[in-house]
Amino acid sequence: MNTEYQFKLRVHIISVILLIGTISTIIVPVSGDDDTIGNNNSLIPVEIALMIDNTGPLQYFWPGFSAASSIAVDYLNDNQEVYEFSISNYDTQCDYSVAESIAQDIISDGVELVVGAMCSGASKGANEALSSAGIPHISPASTDPELSNISEYPGFFRLALSDGYQGIALAEIASNFTSPALIHMTNSYAVNIAESFEDSWLDSGKSLCTNPIEVFESQVDFSDESQIVANNSCDSAILITYSTEGAGIIEELANQGWSGQIFGSDGMSSTALANVISDSSLLDGIITLNANSHFSQDSDYSESSNKLLEFQEECSNNSDCATGIFTPEVFDAVTLIGEAFILSDYSNETLEDSIRYVGYQWEGVSSEITFNENNGDVAGNGFSVFQLIYNSTNSTVYQDFKHSISTESLVEGFNFETDSPLYGLDVYHMLEFGLKEIVQIALLHPITGVVSQYSPGFIASAKIATHHLNRQQEDYWFDIVEYDSACSSFTAGNSAQSIIDDGINLVIGPFCSGAVWEANDLLYNQEGIPHISPTSTNPDLSTFDGFFRVVPTDDWMGNALSVSMNLSGSSSPAMVKLNEDWGHDVQQRFYHDWTNNGNTVCTDENGSDVNIQYLVGQIQIISQVLQSKLLALAVMAWLSSLQTI
């Protein structure tokens, strides 16, 4: 690349003043002359190597791959005026050794952006050479589960769903059964799915009714295999085959008198089964799985994605693209690696890290893409579960959609906490405005402790808030950094000191009233850092300088109870309170306001106010104490249903 037109970003730490106080930010300005961006007619040439198959078993699909890559390059070039992207094709012949040799040619040619290979074997061979040179690559179509092993295949990313995920999904839909038979073909497609199913099934503590049963592609006699299923009292059968072989197995199982539940992989997920089976009624009730390929034009996603609509229009008007396979994935791979290059060129991040940053909740045309934090896999669009229904009236078979399964729900590593605001960065916005100032916000919340179960909700809402902030203005990138308060003054104090040491001056929390004392002393009294609590309700906190909250105090809750009781016409309530600070504060304010208005509470046989205290889980004791001698319902019992901290 021509270094005369390269420009990088320097990272500086500065302090700026915001309305609510002094905050520490990280500035990432663009270096170079002012007229470099958008004003220089000399574009920087950037070459992308496309490893496709002009010869070999996939040669018939290369025109579609090539057409989709051309559409992608046009999209990259139309959306910015700094780089001129282009595609160079390299033929791997869908072969490991050839792909390894071709990858060496790419390295020798000085090309550092690589899309491909298409075949899994070719991707393995290409990775052997590319990873040694530190060059990452994105495959649009390779599905072998072995490629998920990042230690074996470093720098490898893919946009096609791993075959292994289908095996996990099959185990999920068959989970109500206890002893299935696993029947699969011997080709790599079926073996990969079968091994994944077996691993997932056995890991759940269940067992198969017999050893996995192998069948061969184009096999016609399945009597021996079906006899094994019938003889071992299998309650279900998992068929990982194509339609013809699957139909033959279904017929023979019926001949053996076996009537268990049948599940089929995507190779059987079609009403075409009815065309290759002698008795279509045998298909009734079979449950099949189908991987969702890519977004359809009438999906909810398409309504908000101009990129998807643009690709669909361009692809439908190109006969090679329209009749091709994996063309959405090719488009996404080319545009994603191009955008990742832009980020790496601007920020001095590595290309591999930049692929991960860009590939986070990235709006692709094949799916919304987030790369797994543990490898280069994507979740794709998940799976659809269908049930085949036989209509005896007209002897037809149709598919009844049951439900969808998301890959994120099956596989760990897709819903991870990001550690950099560069995740999900819009590189075109960055080109126009430069990288924003990175502003960190400390979330001092109960990651551990008595209310830690609410922590995920706090995190999620904070992330939504920063996402909203980042979209509403063009000057800052807000980023959440988590610190544990543990609902404890001691822990919150230690975390407050860590926040100060880390130079963060925007603080949300603590979330528990008892945790505020030490945190406020360190944050505001010693450092002048104000903080806002979303949930702390103790009335004493109203006197704390630098402390803000967005919930009413317990005083106000007691007052509101008094007002509502007056309006309801109640005259003699019992008081029932949770035996902790919150319950005490609310009860005191209620009693004060209630009696000052000339009201009374009910009394016991000794003339004392009924004021019952309880611990969490003691509601039954309360009801026994109250019984029927009270003149009104215990209004404070209502408080026990409130979720407060």
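The exercises below treat disulfides, backbone exceptions and surface patches in one predicted model.

The model is predicted, local features need pLDDT of at least 70, side-chain atom pairs count only at pLDDT 80 or more, and totals for chains, interfaces and linings use all residues. Residues are numbered from 1 along each chain as its sequence is written, and side-chain values use heavy atoms, with hydrogens and water left out.

**Exercise 1. State how many disulfides the chain holds and in what pattern they pair.**

Step 1. A disulfide is counted when two cysteine sulfur atoms lie within 2.5 Å of each other. In general terms, such a link is a covalent bond between the sulfur atoms of two cysteines.

Step 2. This rule gives 4 disulfides.

Step 3. With bonded cysteines counted along the chain, the pairing reads 1-2, 3-4, 5-6, 7-8.

**Exercise 2. For the link of cysteine 94 and cysteine 119, find the sulfur distance, the handedness and the place of each partner.**

Step 1. The sulfur atoms of cysteine 94 and cysteine 119 are 1.6 Å apart.

Step 2. The angle about their S-S bond is -100 degrees, and the link is left-handed.

Step 3. This pair links distant parts of the chain, 25 residues apart: cysteine 94 is in the loop between strand S4 (83-91) and helix H2 (96-108), and cysteine 119 is in the loop between S5 and H3. Helices here are DSSP runs of H or I with at least four residues, strands are runs of E with at least two, and both are numbered from the N terminus.

Step 4. For burial, the cut-offs are under 20% relative accessible area for buried, over 50% for exposed, and partly exposed in between (1.4 Å probe, protein chains only). Cysteine 94, at 22%, is partly exposed, whereas cysteine 119, at 10%, is buried.

**Exercise 3. Describe the disulfide of cysteine 209 and cysteine 234 in the same terms.**

Step 1. The S to S distance between cysteine 209 and cysteine 234 is 1.9 Å.

Step 2. With 85 degrees about the S-S bond, this link is right-handed.

Step 3. Cysteine 209 and cysteine 234 are both buried.

**Exercise 4. Locate two cis peptide bonds.**

Step 1. Most residues other than glycine have a negative phi, and most peptide bonds are trans.

Step 2. The bond from glycine 116 to alanine 117 is cis, with omega near 0 degrees. Alanine 117 sits in the loop between strand S5 (113-115) and helix H3 (120-132).

Step 3. The bond from glycine 509 to proline 510 is cis as well, with omega near -5 degrees. Proline 510 belongs to the loop between strand S19 (507-508) and helix H16 (516-526).

**Exercise 5. Find which residues form the negative patch and which helices supply them.**

Step 1. Patch residues have over 30% relative accessible area and no salt bridge; like charges are joined within 9 Å, and nonpolar side chains (Val, Leu, Ile, Met, Phe, Trp, Tyr) within 5 Å. A salt bridge is a side-chain nitrogen of Lys or Arg within 4 Å of a carboxyl oxygen of Asp or Glu.

Step 2. The members of the negative patch are Asp74, Asp78, Glu310, Glu313 and Glu314.

Step 3. Helix H1 (62-78) and helix H9 (306-316) each supply at least two residues. H9 gives the largest share, 3 residues.

Step 4. Aspartate 74 is in helix H1 and is partly exposed at 46%.

**Exercise 6. Determine the accessible area of the nonpolar patch that holds Phe548.**

Step 1. Ile532, Phe548 and Val550 form this patch on the surface.

Step 2. Together they have about 290 Å² of accessible area, computed by the Shrake-Rupley method with a 1.4 Å probe.

Step 3. Phenylalanine 548 lies in strand S21 (residues 547-549). At 48% relative accessibility, phenylalanine 548 is partly exposed.

Conventions. Lys, Arg positive; Asp, Glu negative; His and termini not counted. Charge placed at Lys NZ, Arg CZ, Asp CG, Glu CD.
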